[in-house]
Amino acid sequence: MEPVNNKNKQVKYLKERLEIFLEVLDAIDAETADVEDIDRLIQMIDDIEDKMEQFKQRSE
């Protein structure tokens, strides 16, 4: 996969990833969530943050 350098595509990618995160978050039952569920959410946020940093560096 080649790097995404177009700003519009970068924003679209991040929005899609955030939408996936929100879907996963909505699917988790707060009463039955376990550590693995929380770890998965944290990893998703970390991945989005990493991607944002990559996009930021490409635009500088």
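Colleague: Which helix does Phe-21 lie in?
Modeller: This is a predicted model, where local features need pLDDT of at least 70, side-chain atom pairs count only at pLDDT 80 or more, and totals for chains, interfaces and linings use all residues. Residues are numbered from 1 along each chain as its sequence is written, and side-chain values use heavy atoms, leaving out hydrogens and water. Helices are DSSP runs of H or I, at least four residues, numbered from the N terminus. Phe-21 sits within residues 7-27, which form helix H1.

Colleague: Is Phe-21 buried or exposed?
Modeller: Buried means under 20% relative accessible area, exposed over 50%, and partly exposed in between, using a 1.4 Å probe and protein chains only. Phe-21 has a relative accessible area of 12%, so Phe-21 is buried.

Colleague: Which residues does Phe-21 touch, not counting those up to four places away in sequence?
Modeller: Contact means heavy atoms within 4.5 Å. By that rule, the partners of Phe-21 are Leu-41, Met-44, Ile-45 and Ile-48.

Colleague: How far apart are the C-alpha atoms of Phe-21 and Ile-48?
Modeller: Along the chain, Phe-21 and Ile-48 are 27 residues apart. Their C-alpha atoms are separated by 9.4 Å.

How values were computed: Helices (H or I, at least four residues) and strands (E, at least two) are DSSP runs, numbered from the N terminus.
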